[in-house]
Amino acid sequence: MFIYLNDKLVPSSEAKVSVFDHGFLYGDGIYETMRVYDGVVFMLDEHLRRLFRSALLIGLDIPKDVPGIKRALYETLKANGLADAYVRLTVSRGYGPIGLDPDLCKGATFVIIANEFKDYPHAYYAEGIRLMVASTRRNLREALNPQIKSLNFLNNILAKIEAKKADADEALMVNAGGYLTEGTISNIFFVRDHAVHTPSVECGILDGITRSLVIDLAARSGLAVREGEFVPDDLLQAEEAFITNTTMEVMPAGRIDGVHFKTGEVAKLLLKKYKEEVNGYVREKKGESPSLWE
Ligand code: PDD
């Protein structure tokens, strides 16, 4: 396995980062997770736009421009012979003496890890996954904006630990006002009165790229979509619920806390539409240019 580290591919055994890296010491850095279908990185421009937004929000200089990152991504996929994969792109503040000052670091550390994508168990889609509402609240927007896709994941890890204790697969968090936000690695949707509902960005969430596409697909399918403030009870009384992210796509909920849900028709429809969108995107990108990174 080859890892892209700073400016070159190295075998994974040689892919090492300093113990003085501020990503390690302070969680000072950002990342993106992307999905590769048939050799094409899905929604690459959207992921890179969000990466640069995260960088801007923490004042981090990414040591490559967009074409350079695209080339590095596709070189990593090629070196590993990957066509159906997930990719994790991490940019940390880099290494420097101990201390919070970002200027202690000479330059960012840039890492791409790509690996074969292993499908989630079929039952996760057929029967739905187990969700729970955690007591850990989502970070305040005014303290650590969830729109920054940062390496600092302790908020989400604390909620994940609660999920594991409750025998659930994913934890949902509410904000300081008690309104639903998102899962530890996913966005939440529910269906009520034939309308698709999801917490608005103002609730304090990462505006997922899958979430945006699913909102668009729902609207294009003639479904009403409501983004707003919702409480856990709204979710528990829903007809169906599902979560979204880059690797899960659209995954239905089978249980939330003690309440059981059937895999609903809306989740099934949106997953089907999502897959159609992926196929169309891959076809278009392959036909568009001789090299996928230009
Ligand atoms: N997680 N909310 C949080 C907190 C997330 O970490 C993620 C993604 C999402 C969904 O975003 P998207 O649809 O752009 O994947 C929402 C990725 C998959 C991860 O942590 O690897």
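The model is predicted: local features need pLDDT of at least 70, and side-chain atom pairs count only at pLDDT 80 or more. Residues are numbered from 1 along each chain, and side-chain values use heavy atoms.

The shell around the ligand has 19 residues; Tyr31, Thr33, Glu182, Thr210 and Thr246 come nearest. Near means a heavy atom within 4 Å. Polar contacts (N or O pairs within 3.5 Å) include these:

| Residue | Residue atom | Ligand atom | Distance |
|---|---|---|---|
| Thr210 | polar side-chain | oxygen | 2.6 Å |
| Lys149 | polar side-chain | nitrogen | 3.2 Å |
| Ile185 | backbone N or O | nitrogen | 3.5 Å |

Alone, the ligand exposes 470 Å², and the protein buries 93% of that. Accessible areas use the Shrake-Rupley method with a 1.4 Å probe. β3 (29-37), β9 (180-183) and α6 (209-220) each give two or more residues to the shell. Strands are DSSP E runs of at least two residues, helices H or I runs of at least four.

Now strand β14. Eight of the eight residues in β14 (249-256) are buried, meaning under 20% relative accessible area. Strands pair if DSSP finds at least two bridges. β7 (129-133) pairs with β14 in the parallel sense over three bridges. β13 (240-245) pairs with β14 in the antiparallel sense over four.

How values were computed
Buried < 20%, exposed > 50% of the residue type's maximum accessible area, 1.4 Å probe, protein only. Polar contact = N/O pair within 3.5 Å; in protein donor to acceptor, adjacent residues only side chain to side chain.
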